[in-house]
Amino acid sequence: MSCGDDANDQGLMARQLAEQAAAARADAPTATTVLASTGGSDDVVAAGAASANTTTPSTVQTTGVIVPVLAIDNSFRPDVIEVEVGDEVLWENRGLNEHNVMYVQDSASPFGVEAAQFQPGDVFTHVFSEPGEFHYYCSIHGNETVGMVGTVVVSG
Ligand SMILES: [Cu+2]
């Protein structure tokens, strides 16, 4: 398989994943329904009764929406995504090389995965529990500002 074919496959997969995520968002039940259907822990139930603006990760309401980002050689695709509070971002290493996800230090809350846990084919997920712009990068192929970098824009 040539490099061009590989890139096309990855682009197609990214679109398919994005369409699935969009469908999931459209089908996503309300937060109240999610809580009722999952039962959840006492913490989750308590969150349902509290303000939806809570910034405490342990009590954030998850939306059930999964937004995919592909790590390829050597960029994140798409490099900028927009999600809502409670959405789960799923990074998948679809490159041939190892990558990592390192949060930029000015981010309000830490997230990321080391290369040892993010080999080709591996996935890493993180639920964003507060609004903001969260910048990240792969320290193997970039730094905090250039190279293999990405941004998660969280609204809510
Ligand atoms: Cu990388």
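User: When are two residues in contact, and which residues does Val101 touch beyond four places in sequence?

Analyst: Two residues are in contact if their C-beta atoms, placed from the backbone, lie within 7 Å. The model is a predicted one. By that cut-off, and leaving aside residues up to four places away in sequence, Val101 touches Trp91, Gly112, Val113, Phe118, Phe124, Tyr136 and Cys138.

User: Which members of the largest nonpolar core touch the most other members?

Analyst: The largest nonpolar core has 24 residues. At least two of its residues come from each of β1 (66-72), β4 (88-93), β5 (101-103), β8 (132-142) and β9 (147-155). In soluble globular proteins, nonpolar side chains tend to be buried together. Within this core, the members that touch the most others are Val89, Val101 and Phe128.

User: What pattern do the helices and strands follow along the sequence?

Analyst: Three helices and nine strands are present in the chain. Read in sequence order, they give the pattern α-α-α-β-β-β-β-β-β-β-β-β.

User: What percentage of the contacts between residues at least 6 apart in sequence join residues at least 24 apart?

Analyst: The chain has 156 residues, and buried residues make up 26% of them. Among contacts between residues at least 6 apart in sequence, the share joining residues at least 24 apart is 57%.

User: In the five-stranded open sheet, which are the edge strands?

Analyst: The strand order of this sheet is β3-β9-β8-β5-β6, with mixed pairing. An edge strand pairs on one side only, and that holds for β3 (80-84) and β6 (112-113).

User: Which residue of β9 is the bridge partner of Tyr137?

Analyst: β8 and β9 run antiparallel and are joined by seven bridges. Strands of a sheet pair through backbone hydrogen bonds, either parallel or antiparallel. In β9, Tyr137 has as its bridge partner Val149.

User: What is the average twist from one strand to the next in the four-stranded open sheet?

Analyst: Four strands make up this open sheet, in the order β2-β1-β4-β7 and with mixed pairing. Its edge strands, each pairing on one side only, are β2 and β7 (123-127). From one strand to the next, the twist averages 25 degrees.

User: Which residue of β7 is the bridge partner of Trp91?

Analyst: β4 and β7 pair in the antiparallel sense, over five bridges. Glu88 has Val127 as its bridge partner in β7. For Trp91, the bridge partner in β7 is Phe124.

User: Which side chains of β7 point to one face and are buried?

Analyst: The side chains alternate along β7.

User: How many contacts does the model have over residues 24-56, beyond near neighbours in sequence?

Analyst: The average pLDDT of the chain is 76, and 60% of the residues score at least 70. Residues 1-7 stay under 50, and for them the model has one contact beyond four places in sequence. Over residues 24-56 the pLDDT is also below 50. Beyond near neighbours in sequence, the number of contacts for residues 24-56 is 31.

Technical notes. Residues are numbered from 1 along each chain as its sequence is written. This is a predicted model: local features need pLDDT of at least 70, side-chain atom pairs count only at pLDDT 80 or more; totals for chains, interfaces and linings use all residues. A nonpolar core is a set of buried Ala, Val, Leu, Ile, Met, Phe, Trp, Tyr and Cys residues joined through C-beta atoms within 7 Å. A residue is buried if 20 or more other C-beta atoms lie within 10 Å of its own, exposed if 12 or fewer, and partly exposed in between; C-beta atoms are placed from the backbone. Two strands pair if DSSP finds at least two bridges between them. pLDDT is the predictor's confidence in each residue, from 0 to 100. Axes are lines fitted to C-alpha atoms, for helices over the stretch in contact, and angles run from 0 to 180 degrees between N-to-C directions.
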